[in-house]
Amino acid sequence: MTSEARPAIVWFRDDLRVADNPALTAAASTGMPVLCVYVLDEESPGVRPPGGAARWWLHHSLESLDGDLRRLGARLSILRGPAEPTIADLIDQTDAGAIFWNRRYGEAERTVDERIKASARDRGLEASSFGASLLFEPWTIRTGSGTPFSVYTPFWRACLAEPEPRKPLPAPEKLRPYPVDDRIGIGLDDLDLLPRHPDWAAGLREAWTPGEASALDALTRFLADDVADYRRDRDTPGIAATSRLSPHLRWGELSPFTVWHATTAARSAANAEGAATFLSELGWREFAYHTLFRSPAMATENIRGEFDAFPWPRLHPAALRAWQQGRTGIPLVDAGMRELWRTGTMHNRVRMVVASFLTKNQLIDWRRGEQWFWDTLVDADPASNPFNWQWVAGSGADAAPYFRVFNPELQRTKFDPHGDYVRRWVPEWDTADYPEPIVDLGETRRAALAAYDVVKAAQ
Ligand code: FAD
């Protein structure tokens, strides 16, 4: 292999896009041939393998990215295995001269990345990483006393006081391809990401089109049609008032920098309130990552240690199953859980209600719910999912106080007053076929508050 042929590797991870991809832009600007790779890593310790719905999304997103790269003259090579030895082998095999990636923020991922970077540099490669998935790198936003934030409002205020996030980069016009042959990579189908026996993904296919082009379409449509009324309508699950960008952001098909600048460019007197509220929701995503950076074990451990004393009763599997399958006899909860199963998503207001019902009325540990969401959401996110579960459960950063137990019936009458949402997912509601509630809301609320007394005593 001649030295001219040494490639610059671009290692794609949570950034499955060609526009505003600093790692791809850096590789293109070296003048070396560009070798684009994705590594499905289900083995590195602590790296959480994607759940079922996320795997479905990932398959289609990789397919779409490969198409976009081919239009630029390159292609995507797919690898599988623990990232560290897999990337090391690739470097050996291709005699790579450089490697670039965009950062990840989980502790296990950062450890893997640091080791790969150090060993690549030891071998004389140029190895660089970039900020591309967050508007504000988690370690850059600090309180006056230099500590991470544990409360959202001052966190977001501090972010807004920073210089404006950088402008998004255009996609490279052309990539000089590295001649990939059969020795490098496997077929996308070999990853076996799609459900086959049975194929339960029909509802996901109806609801979503993964990929960068569809992500940009969703953003454009939202800014043209819905941002003006976003503040008013975002809590009403019966109307499509939100952006539906979460899986696109989760997989990095769209960069938050693109979203930020498109939103500010579309801002007008008529939609200023909606635009600011929408950007503040992106702020919650930033805060979830800020919190993950500070509390790396938050998918499994209470952020507030006093919740370790919470007396979760013995799990009744049938109760968990009733929640998972949307058969609790509480209409808003059942509607949400059925929407999730069918489409891989659930309206934010309803996510809060079902999470409160599980952790408070059913007294089931938030980790069970978090795991179910991890497996069934197309936007299942290593920061936002555990962050929001702990927020509802009361054990999290800036969490809703535990004693604020959502009443799912009041939530339904307030946010779905005509029953549009509930009827869409629970057509048998109001008929004799619909089950009685599996719990008494008042009694279980009281039991939850009594259990919480143990936490208060541990404080
Ligand atoms: P929009 O209302 O249009 O908001 C724009 C974007 O802001 C979203 O795409 C998302 O990236 C971000 N955002 C909005 N609300 C939140 C929030 N509370 N926390 C973090 N980011 C937010 N969101 C995920 O992306 N992945 C998850 O795994 C996830 N799990 C959740 C679990 C629970 C129990 C709860 C209560 C919420 C969870 N959320 C999660 C947050 C929120 O429900 C979704 O981001 C939102 O419903 C996505 O719809 P949208 O894109 O139309 O949002």
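Reply: Around the ligand there are 27 residues, and the closest are Thr242, Ser243, Asn348, Asn385 and Asn388; a residue belongs here if its C-beta atom, placed from the backbone, lies within 6 Å of the molecule. This is a predicted model, where local features need pLDDT of at least 70, side-chain atom pairs count only at pLDDT 80 or more, and totals for chains, interfaces and linings use all residues. Residues are numbered from 1 along each chain as its sequence is written.

By type, the shell holds twelve nonpolar, seven polar and eight charged residues. Helices H9 (246–250), H11 (272–294), H14 (348–361) and H16 (384–393) each give at least two residues to that shell; helices here are DSSP runs (H or I, at least four residues), numbered from the N terminus.

Now for the record. The unreviewed UniProt entry carries a "binding site" annotation whose residues include Tyr230, Thr242, Ser243, Leu245 and Asp381; such annotations may be inferred rather than shown by experiment. The annotated residues span 152 residues in sequence, and their farthest two C-alpha atoms are 23.0 Å apart, so they do not all gather at one spot.

Thr242 sits in the loop between helix H8 (230–233) and H9, and Thr242 counts as buried because it has 20 C-beta neighbours inside 10 Å (buried means 20 or more other C-beta atoms within 10 Å of a residue's own, placed from the backbone). Leu245 lies in the loop between H8 and H9 and is buried, with 21 other C-beta atoms within 10 Å. Beyond its neighbours within four places in sequence, Leu245 is in contact (C-beta atoms, placed from the backbone, within 7 Å) with Ala215, Ala218, Leu219, Leu254 and Val259.

Key. Ala, Val, Leu, Ile, Met, Phe, Trp, Tyr, Cys and Pro count as nonpolar, Asp, Glu, Lys and Arg as charged, and the others, Gly among them, as polar. A residue is buried if 20 or more other C-beta atoms lie within 10 Å of its own, exposed if 12 or fewer, and partly exposed in between; C-beta atoms are placed from the backbone. Two residues are in contact if their C-beta atoms, placed from the backbone, lie within 7 Å.
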